[in-house]
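Subject: Structure handover

Hello,

Here is the structure I said I would pass on.

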Amino acid sequence: MTRFENLKNSYISAIQCGLAMGVGFNEAKHGNDVLHKFCEMTIDNSNYSDAHKSSMKNELELIKESLSKEIEAFYKTLR
């Protein structure tokens with residue numbers, strides 16, 4: 001599970017780094033979608049059981065939604 005924790009942390013950090021660097025709203029949203037899909041594919045190609053994979057994907061979905069709200073809130077403050 002340490003690998004999954006590292007994957008999640010890297011996903012979150014990449015989006016937050018992009019925001020800190022000033023990427024545009026659309027790029028941030030697209031980056032969130034791309035990184036989410038990458039993480040899902042990484043899980044699909046792992047050796048975890050199907051039950052663990054399903055649980056991890058559910059957690060990733062929550063992270064994606066949370067990051068999406070963070071992106072929207074970040075750009076609302078800039079307007």
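Predicted model: local features only at pLDDT ≥ 70, side-chain atom pairs only at ≥ 80, totals over all residues.

Residues are numbered from 1 along each chain as its sequence is written, and side-chain values use heavy atoms, with hydrogens and water left out.

Helices here are DSSP runs (H or I, at least four residues), numbered from the N terminus. H1 covers 2-21 and H2 covers 25-44; H3 covers 50-78. The expected span of a helix is 1.5 Å times one less than its number of residues. For the 20 residues of H1 this gives 28 Å, and the end C-alpha atoms are 28 Å apart, which agrees. H3 has 29 residues and should span 42 Å, again in agreement with end C-alpha atoms 42 Å apart.

Buried means under 20% relative accessible area and exposed over 50%, with partly exposed in between (1.4 Å probe, protein chains only). In H1 the buried residues are Phe-4, Leu-7, Lys-8, Tyr-11, Ile-15, Gly-18 and Leu-19. They lie on the same side of H1 because they cover an arc of only 110 degrees around the axis, taken from the directions from the helix axis to the C-beta atoms. Thr-2, Arg-3, Ala-20 and Met-21 are exposed on the other side. The buried residues of H1 pack against H2 and H3, where contact means heavy atoms within 4.5 Å. Gly-22 follows H1 and has a positive phi, near 85 degrees.

In H3, Lys-53, Met-56, Leu-60, Ile-63, Leu-67, Ser-68, Ile-71 and Tyr-75 are buried, and they pack against H1 and H2. Glu-40, in H2, is buried too, with a relative accessible area of 17%. Not counting residues up to four places away in sequence, Glu-40 touches Lys-57 and Leu-60.

The largest pocket has a volume of about 160 Å³. A pocket is an open set of points on a 1 Å grid over the protein atoms alone, where a 1.4 Å probe fits, with protein on both sides within 12 Å along at least five of seven lines; lining residues have an atom within 4 Å of a point. H1 gives the most to this lining, with 3 residues. Among the lining residues are Arg-3, Phe-4, Tyr-48 and Met-56.

Regards

How values were computed: Points joined across faces, edges and corners; volume = space filled by probe spheres on them. Helix = DSSP H or I, 4+ residues; strand = E, 2+ residues; numbered from the N terminus.
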